[in-house]
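Look at the sequence and the structure first.

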Amino acid sequence: MSATAAVSGARIMAHIEALARCSAQPDGLTREYLSPELRAASDLVAGWMREAGMSARIDAMGNVAGRYEGVAPGLPCLMLGSHLDTVRDAGKYDGMLGVVTAIECVRALAARGVRLPFAVEVVGFGDEEGVRFGATLLGSRAVAGTLDPRVLDLADGDGVTLRDALGRYGRDPARIGDAARARAEILAYAELHIEQGPVLEAENLPVGVVTAINGATRLAVTIDGMAGHAGTVPMTLRRDALAAAAECVLAVEKRAANATELVATVGRLDAMPGAVNVIPGRVRFTVDIRSPRDADRVAAAGDVAAAIEAVCARRGVRAEIAKTHESGTAPCAPWLMEQLARAIAAEGLPVRELPSGAGHDGMAMIDIADIGMVFVRCKGGISHHPDESITAEDAGTGARVLLRFIESFQARRTA
Ligand code: GLV
Ligand code: MN
Ligand code: MN
């Protein structure tokens, strides 16, 4: 039996299906941070961690954290992970594949009684997508110790604050700092994730090594106009917040349209009061801007804010623009990229390096550890969509690569 034969693509896929059933949506997958569905998914994951030979706990921020001791208890760890929350009407693999595959690798180690000169930890982060509270990477930022306690005042669409949601989840909001880990405890952070893009499929490759995660800025914009009767207020006297927002959306699109590798998206827009016969008085919308070059992204965010202000001034409505998230481009550490590349080559596969346009927990973990990522091919590059899919064969290949990486992992010596 080869050293990596014990990982099972079929078991990974079965676990993915079980997690997909933890959903707020009867006919699809939606799982928000600190929801009952996240609790159900976390309980499943903690159970699999224990079956695989790990200890498991839910930390102060609602992340699931498992640990497989090395040759002696209490050694620094190689941390593996990804996230368990999803976007709305999501695919099943974004985030979950990395958590489930990492547990599968530990199961294989434990089955052979292998203890390594370091511990292996697996984290299922509770919030990476940022869907519920607008701010993203809440789980991994708490582990990295960089979470600003002011996020506790953020409210979801129903007005429930993060503080209250943590309390309802059985976590003490005054103790979110307990989720933070010390730099000395983590030798490196490595994540396996679906590519969420078409490159690997186009090149007929099951896996690739990530070079860097593109930076991102998110804005929350509120436009206040004047609500009124849709039948009586003449067009010239209106201060229609939705008409202003529509112009702003086009300005966002235009700013990115001619820029190199810069993307900008308005992904959510809510008009109030939201009735067919009422002129919209207030609109809230989000802006998400990304680029591999931080300077381009920062410039675009400034231009977008200026364009929104200009549209609103011309239309006699008021704009309030809040930055809800900002993370710079997160480069993967060359020494981890090399070790991941060796694991891929050992599977007899070509090594393809590629950047990540999507955000990942590594963007937060980089503040506390060097990061590395391996991508697994997904069908048609489709992600953040129910059609997201991968094959069991590729899941198995990804797991064998990750297991090889873990087993031959050499921590970088620090001076
Ligand atoms: C997370 O998937 C993101 O890139 O927004
Ligand atoms: Mn995602
Ligand atoms: Mn993801």
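## The shell around ligand 1

The shell of ligand 1 holds one nonpolar, two polar and four charged residues. Ala, Val, Leu, Ile, Met, Phe, Trp, Tyr, Cys and Pro count as nonpolar, Asp, Glu, Lys and Arg as charged, and the others, Gly among them, as polar. The shell residues are Glu-128, Glu-129, Arg-218, Arg-290, Ala-358, Gly-359 and His-384, each with a heavy atom within 4 Å of the ligand.

This is a predicted model: local features need pLDDT of at least 70, side-chain atom pairs pLDDT 80 or more, while totals for chains, interfaces and linings use all residues. Residues are numbered from 1 along each chain, chains are lettered from A and ligands numbered from 1 in the order written, and side-chain values use heavy atoms, without hydrogens and water.

## Polar contacts

For His-384 the distance is 3.1 Å. The protein buries 94% of the 200 Å² that ligand 1 exposes when taken alone (Shrake-Rupley method, 1.4 Å probe).

## The manganese site

Donors are N, O and S atoms within 2.8 Å of the metal (3.2 Å for Na, K and Ca); water is not among the atoms, so sites may look incomplete. Asp-94 also bridges to the manganese ion (ligand 3), 3.6 Å from ligand 2.

Asp-94 counts as buried because its relative accessibility is 6%, under the 20% cut-off. Glu-129, at 7%, is buried too.

Conventions: Polar contact = N/O pair within 3.5 Å; in protein donor to acceptor, adjacent residues only side chain to side chain. Buried < 20%, exposed > 50% of the residue type's maximum accessible area, 1.4 Å probe, protein only.
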